[in-house]
Amino acid sequence: MAPKYKFTYFDVRARGEPTRLLFAAAGVEYEDVRVRRDDWAALKPTMPMGQLPILEVDGVTLCQSMTIARFVARETGMDGKTKLERAQADAFVDELEDLVPKLAMAMIFTTDENEKAEKVKELDKAIAEKLGKCEKLSGPDGHLVGNSMLWCDLVLYNIAYDIEEVYKSGTLQDYPKLAKVYDTVRSDPRIAKWIAERPAGQFNI
Amino acid sequence: MPAYKLTYFNGRGTAEIVRLVFAAAGIEYEDVRIEKPEEQWPEFKPKTPMGQVPILEVDGTMLCQSNSIARYVAKVAGLAGKTPLDQARVDMIMDGMEDVGKKGNATHWEKDEEKKAEKKKEYEETFLPQFYTCLNKLVGDSGHFVGNELTLADITFFNTTDLVGRYFKLPSMDQFSGLKKVMDHVTSNPGIAKWLKERPETPF
């Protein structure tokens, strides 16, 4: 029997990885469809808003990456325990998700040297601002909100992975509470297994 | 004393979606506007969770991030969608309209005059018509994006369109019969109609 969920995204982490991390953390099976860049043009007009990712479930096609992640978080009980907790988790995601395209542009997709230097400057500023705000608000015990791993922790983990492993290792030292969240997520056994086994992707982002 | 206190600058901006949801739901709230930002904002800013407004004070907590606040109020008011899947469908319309707003903003604030003219042309003549065509296809004939009743998705569509229309030339709604129905449903909701009549004229 086919899995209940079919997730389609590019062959990268970026905006799709929080959803994949959620499925992994919850031990929920899903179809992980990856679209190579060359195959995208033909597929684009068939998408609800001309973009990826999409999630197909119960005959409905959802789009918008954070909407999908929030929905899967809800399905897997990782969106928050109360309405207020859910809103607080949402707020962290709203603040952090802008970093994903900034990281991609600065690290991979800008080729002109001068433009790239500009983007790197912008990125450093955004990282300092946003991680600073989140550090101030984060819980002290390895969870951004409340006392359990929620989808906002996975969103932070995904961004922090790019920052620590690909962009500028050692950045998290300045943000000890966020560093705790990072460690809590990556030492979860199901997540650790996914990280070890997940495809490298078409780009390292 | 209302249970909800919304604080923002004296404008529509990113707070208006929250005000519209309160209006549609008929929920009373304190609509606080920072009248003298140069004086009051530097003092107030560090008290907010992320140094920004709008914020919503409820149950001794301060919520921030306009879309998170709007979604929370919509849930309380039963305007967020009935099932998790419906709620996700509402969310995706919100996110799509957020992209429309962000792109408009980036165009509006472009400093280079030539680049700005180019971006404005692309936004008005290519992006908006294409995106609204997508949305018109998504909404179908019911006059509501999700379910058969007013949700935050319809209100967000109205609000973003209304805000963007202040600075840019919108595609004509006549070619988008589905979207036109949504606009009519939103503007004729009694709470929203009242708010639209009474809300202050502000510079943004």
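Analyst: Let's start with a term: a salt bridge here is a side-chain nitrogen of Lys or Arg within 4 Å of a carboxyl oxygen of Asp or Glu. By that rule, domain 1 of chain B and domain 2 of chain B share one salt bridge. The side chains involved belong to D91(B) and R71(B), with N and O 2.9 Å apart.

A word on the ground rules. This is a predicted model, where local features need pLDDT of at least 70 and side-chain atom pairs count only at pLDDT 80 or more, while totals for chains, interfaces and linings use all residues. Residues are numbered from 1 along each chain as its sequence is written, chains are lettered from A in the order in which they are written, and side-chain values use heavy atoms, leaving out hydrogens and water.

Now, where are those domains? Domain 1 of chain B covers 4-78 + 192-198, and domain 2 covers 84-188; the bounds come from an automatic or database domain assignment. Taken over C-alpha atoms, their centres lie 22 Å apart. Each of the two domains puts 15 residues into the contact (heavy atoms within 4.5 Å). Between them they bury about 1,200 Å², with 64% of that on carbon and sulfur atoms. Buried area, by the way, is the accessible area (1.4 Å probe) that two parts lose on being put together, summed over both.

Next, chain B against chain A. Here 33 residues of chain B touch 30 residues of chain A, and the two chains bury about 2,600 Å² between them, 62% of it on carbon and sulfur atoms. On chain B's side, M50(B), L85(B) and M92(B) supply 23% of the area that chain B buries against chain A, more than any other three residues.

There are three salt bridges across this interface. D98(A) makes a salt bridge with K102(B), at 3.4 Å between the closest N and O atoms. As for which parts of chain B take part, β4 (61-64), α3, α4 (84-108) and α5 (113-139) each supply at least two residues of the side that touches chain A. Helices (H or I, at least four residues) and strands (E, at least two) are DSSP runs, numbered from the N terminus. The biggest giver is α4(B), with twelve residues.
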